[in-house]
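Please open the structure in your viewer and keep the sequence beside it.

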Amino acid sequence: EVELVESGGGLVQTGGSLTLSCTASGSITDDYAIGWFRQVPGKEREGISCISRSEGSTYVTDSVEGRFTISSDNAKHTVYLHMNSLKLEDTATYYCAPAALACLLGHWDPRRDDWGQGTQVTVSS
């Protein structure tokens, strides 16, 4: 089973930038995209961006479009989430997970049983 580990979170002021990394312990079949998700306590986890590593196709949800971009370094088994112009409402725990390719159309079907700790992003004013 492939293990995914998120890193790169931290404390940043509004308008600042962070880049999150999602590193896989092994290779992941191209049958799945890799998605980034975030969750705030008391709310459901939401999908925000995903990438098909074989084709490079990407999707970002409306709330972060124009501010967040996703990229992949397949040689390093790593997917990145580049976050710019951060807002207070971006504060959340961020997770990555394999997802059905339908995420490229905004339909989220993550395939991860143990979501782990994620990486915390805190945006302050």
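The stops below concern a predicted model, and they pass from a sheet to a loop residue and then to the disulfides.

**Stop one: the sheet**

In which order do the six strands of the open sheet lie? The order is 2-10-9-4-5-6, and the pairing is mixed. As background, strands of a sheet pair through backbone hydrogen bonds, either parallel or antiparallel.

Next, select strand 2 (10-13) and strand 6, which stand at the edges. Each has a single partner strand, so one side of each is left without a neighbour in the sheet. Turn the view and follow the twist, which averages 30 degrees from one strand to the next.

**Stop two: strands 4 and 5**

Now select strand 4 (residues 32-39) together with strand 5. These strands run antiparallel and are joined by five bridges.

**Stop three: a loop residue**

Select T61, in the loop between strand 6 (58-60) and strand 7 (68-73). Is T61 buried or exposed? The relative accessible area of T61 is 16%, and a residue counts as buried under 20%, so T61 is buried. Beyond its neighbours within four places in sequence, T61 has contacts with G47 and I48.

Show the cysteine side chains. How many disulfides does the structure hold? There are two. A disulfide is a covalent bond between the sulfur atoms of two cysteines.

Select C22 and C96, whose sulfur atoms are 2.1 Å apart in their disulfide. This pair links distant parts of the chain: C22 belongs to strand 3 (residues 18-24) and C96 to strand 9 (residues 92-100), 74 residues apart. The torsion about their S-S bond is about 80 degrees, so this disulfide is right-handed. Both cysteines, C22 and C96, are buried.

**Stop five: the other disulfide**

Finally, select C50 and C103, which are joined by a disulfide with an S to S distance of 2.2 Å. Here too distant parts of the chain are linked: C50 is in strand 5 (residues 46-51), while C103 is in the loop between strand 9 and strand 10 (119-124), 53 residues apart. About the S-S bond of C50 and C103 the torsion is about 105 degrees, so the disulfide is right-handed. C50 and C103 are buried.

With the bonded cysteines numbered in sequence order, the pairing reads 1-3, 2-4.

Notes:
Residues numbered from 1 in each chain as written. Predicted model: local features only at pLDDT ≥ 70, side-chain atom pairs only at ≥ 80, totals over all residues. Heavy atoms only, no water. Disulfide = S-S within 2.5 Å. Helix = DSSP H or I, 4+ residues; strand = E, 2+ residues; numbered from the N terminus. Buried < 20%, exposed > 50% of the residue type's maximum accessible area, 1.4 Å probe, protein only. Contact = heavy atoms within 4.5 Å. Pairing = 2+ DSSP bridges. Axes fitted to C-alpha atoms, helices over the stretch in contact; angles between N-to-C directions.
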